[in-house]
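Please keep the structure in view while reading.

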Amino acid sequence: MTTKVLVLFYSTYGHIYTMAQAVADGARDAGACVTIKRVPETLPTEVLEKMHAVEAQKQFEHIPIATPNELADYDCIIFGTPTRFGNMCGQMKSFLDATGGLWMSGALVGKVGSVFTSSGTQHGGQESTILTFITYLFHQGMVAVGLPYSFQGQMAIDEVNGCSPYGASTIVGGKGDRMPSGLELDGARFQGKNAASIAVKLSRGTIV
């Protein structure tokens with residue numbers, strides 16, 4: 001039976017979308033069947049226009065929008081969200097708040113969950129965003145998977161970089177003009193493969 005992985009993201013300017021593609025590549029390397037979807041936008045067009053986000057979002061407008069109930073169809077869900085004051089963005093929070101039915105039925109219990117993110121600066125809340133997101137995984141009974149130190153790139157100190165043991169991340173800069181680096185994309189691919197590999201083992205009953 002093929003292990004099914006969902007990479008579910010929200011992206012304003014494309015940074016998280018770029019990371020999501022790398023995460024998906026890693027999950028495919030683990031032999032999983034991977035689907036990439038996004039959560040619905042909650043901001044009105046006029047606000048997005050003032051944020052200069054409309055044009056940027058055209059690069060992933062072809063990505064299907066997920067519905068809350070379909071999360072139960074996957075063995076592993078890897079969430080991607082930008083940081084908003086040290087927490088997940090409102091669009092992702094709004095989507096997750098609609099999954100109460102899945103919680104009531106226990107539909108996500110035992111499934112693998114993982115989180116990646118972005119922030120404007122190295123100390124802009126990337127770690128706290130993932131840590132606060134993980135509480136959702138625990139409430140749903142999911143198996144939380146991070147980015148282990150076997151990805152040694154997260155220990156680099158010779159360049160500005162994201163990534164921590166909690167999950168992959170990218171630093172976008174104060175003006176959002178920095179796209180994910182090679183190291184950060186490597187971290188995203190590693191996380192995708194790691195989470196999917198664990199999901200594969202769980203589905204086959206080979207975790208020891």
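## The second largest pocket

In this predicted model, the second largest pocket has a volume of about 160 Å³. Its lining includes Gln-122, His-123, Gln-126 and Glu-127, together with Tyr-149, Gln-154 and the run Asn-161, Gly-162, Cys-163, Ser-164 and Pro-165. Sorted by class, this lining holds three nonpolar, seven polar and one charged residues.

## The largest pocket

The largest pocket has a volume of about 340 Å³, and of the 19 residues that line it, Pro-82, Thr-83, Arg-84, Gly-120 and Val-172 are the closest to its centre. Strand β3 gives the largest share of the lining, three residues, while α1, β3 and β5 each supply at least two. By class, the lining divides into five nonpolar, twelve polar and two charged residues.

## Helix α7

Helix α7 covers residues 182–204, and because 23 residues at 1.5 Å a residue should span 33 Å, the 33 Å between its end C-alpha atoms agrees with that expectation. Among its buried residues are Leu-183, Glu-184, Leu-185, Gln-191 and Val-200, and the buried residues of α7 pack against β1, α1, β3, β5 and β7. Just after the helix, Gly-205 takes a positive phi of about 70 degrees.

## Tyr-136 in helix α6

Tyr-136 lies in helix α6, which runs over residues 126–139. With a relative accessible area of 12%, Tyr-136 is under the 20% cut-off and therefore counts as buried. Leaving aside residues up to four places away in sequence, Tyr-136 touches Leu-71, Phe-79, Leu-96, Thr-99 and Leu-108. The C-alpha atoms of Tyr-136 and Gly-113, which are 23 residues apart along the chain, are separated by 9.6 Å.

How values were computed
Residues numbered from 1 in each chain as written. Predicted model: local features only at pLDDT ≥ 70, side-chain atom pairs only at ≥ 80, totals over all residues. Heavy atoms only, no water. Helix = DSSP H or I, 4+ residues; strand = E, 2+ residues; numbered from the N terminus. Buried < 20%, exposed > 50% of the residue type's maximum accessible area, 1.4 Å probe, protein only. Contact = heavy atoms within 4.5 Å. Expected span 1.5 Å × (residues − 1). 1 Å grid on protein atoms, 1.4 Å probe; cavity = no way out; pocket = protein on both sides within 12 Å on 5 of 7 lines; lining within 4 Å. Points joined across faces, edges and corners; volume = space filled by probe spheres on them. Nonpolar A, V, L, I, M, F, W, Y, C, P; charged D, E, K, R; others polar.
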